[in-house]
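Dear colleague,

Please find below the structure that I am handing over to you. My notes on it follow directly after.

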Amino acid sequence: MKNVKCCKCVRCGKEYPAAPDITTCECGGILDVIYDYEYIKTKISKESLAQCGDPTMWRYRAMLPIEEDTVPQGLRVGGSPIYEADNIARNLGIKKLYIKDDGINPTSSLKDRASAMAVTKAVEAGYRTIACSSTGNAASSLAGNAAKAGLKTYIFVPDRAPKGKIAQLMMFGANLTAVRGTYEETFELSKKAIDKYGWYNRNAAINPYLSEGKKTVAHEILEQLDFETPDYVAVSVGDGCTIAGVYKGLYDMYMAGLTDKIPRLISVQAEGCCPINTAVITGEPWTPQEENTYADSIAVGVPRNADKAIKAIIDSDGICVNVSDDEIRAAQRYLAKNAGVFGEPAGVTAAAGLIKLSREGKLDKDATIVSIVTGNGLKDIESAIQNCGAPVSCGNDLEEFEEKFGLA
Ligand SMILES: *Cc1c(COP(=O)(O)O)cnc(C)c1O
Ligand SMILES: [Zn+2]
């Protein structure tokens, strides 16, 4: 790869050649993909992007860690819409708010960006089987993208995973294990199996290429905003790969000379599970926490990508905010009703944090803010119905109808 220099340990600094199946450093640290931005500048520009006919995440392949002759695998990922949420901005007293809806990806979450990268790297490396553990979305997106790429999957989810995600996994033909235990225990079982059988590893953070796929959401946001850099980008945080990926994408665009500043990240976690925010706020190393939140996709007590996520938040002069499950539920209804975007609980956690910060007057009034919705609400309809309530029941009777809606 001419655009990649190496993979470098974020803990000890040791450098490794960027093999397609590389995982962690011998010291146990996670790796970051290091690019040659001088080379990248010769391959990508505002003009080349304007002329690029590919609407998917691969339009940014000049900044992605794949060989120049590699054919991208998987589904049609990326190119998700960004909406101006003027009603909400007015309501909250924010100058400009955009909602980036990544729930419209093929398997309905931002995880598709990482999974398309994972199956592409697995095929590049000659693997036939790929495995991961996940709270649900990484799993279902891997299963879908692997089905398209013709790879076999072994997938591990905690048995609390919502039925919508399980349905996707079974439909896509995954060899699915629902682990009786926490996400941490799920991860441990997947690790034992992957170590023993030598499958391609799509575990969050362990595989340094996953964040590199996720970062395309940030490339896209900047291009969709005509390279006018927003002041803040709000992200829901679990393992920390998404927020680290968002930072990397913003950093790429800055280093490639396509934008002139890096926005401040807003890292949003659930009060019941916030190890990354706690570490940033206290300045102490992160410590494991329980997984007490109904935002299942970010119920991650032992975050695997904490080192990169914490660095991303600090380097961007970011803000950390934790929200309660009630605040997440309220944000889910609010975003759906006022912007037409129906996110799953973790998908709207970023918006919940941003609503909270703006009501507390902690955001600059003149700011332009982007809030990323990371997953679609249809993934978990049971919790959604509990949140928004049941419809009005009515017989074939106009009077009854009028009475129920107070129209008469
Ligand atoms: C995975 C996920 C997140 C968080 O991403 P991490 O990399 O785990 O921090 C947020 N929202 C949704 C819907 C997700 O599936
Ligand atoms: Zn190391």
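How far does a polar side-chain atom of threonine 242 lie from an oxygen atom of ligand 1? The distance is 2.7 Å, which falls under the heading of a polar contact (a pair of N or O atoms within 3.5 Å; within protein, one must be able to donate a hydrogen and the other to accept it, and residues adjacent in sequence count only if both atoms are side-chain atoms).

Before going further, please note that this is a predicted model, in which local features need pLDDT of at least 70 and side-chain atom pairs count only at pLDDT 80 or more, while totals for chains, interfaces and linings use all residues. Residues are numbered from 1 along each chain as its sequence is written, chains are lettered from A and ligands numbered from 1 in the order in which they are written, and side-chain values use heavy atoms, with hydrogens and water left out.

**The ligand**

The backbone of aspartate 239 also takes part: one of its N or O atoms is 2.8 Å from an oxygen atom of ligand 1. On the side chain of threonine 374, an N or O atom is 2.6 Å from a nitrogen atom of ligand 1. Of the 380 Å² of accessible area that ligand 1 has on its own, the protein covers 97% (Shrake-Rupley method, 1.4 Å probe).

**Aspartate 252**

Aspartate 252 belongs to helix 10, residues 241–255 (helices are DSSP runs of H or I, at least four residues, and strands are runs of E, at least two, numbered from the N terminus). This residue counts as buried because its relative accessibility is 0% (buried means under 20% relative accessible area, exposed over 50%, partly exposed in between, with a 1.4 Å probe and protein chains only). Its side chain makes polar contacts with the side chains of lysine 215, at 2.7 Å, and histidine 219, at 3.0 Å.

**The nonpolar cores**

The largest nonpolar core has 74 residues, of which Ile130, Ile155, Tyr209, Val246, Leu265 and Ile372 touch the most other members (such a core is a set of buried Ala, Val, Leu, Ile, Met, Phe, Trp, Tyr and Cys residues joined through side-chain atoms within 4.5 Å). Helix 4, residues 111–124, gives the most to this core, with 6 residues. Another core, of 35 residues, lies apart from it, and Tyr334 and Leu363 are among its members.

An open sheet is formed by 3 strands in the order 2-1-3, with antiparallel pairing (two strands pair if DSSP finds at least two bridges between them). Strand 2 (15–16) and strand 3 (31–35) are the edge strands.

With kind regards
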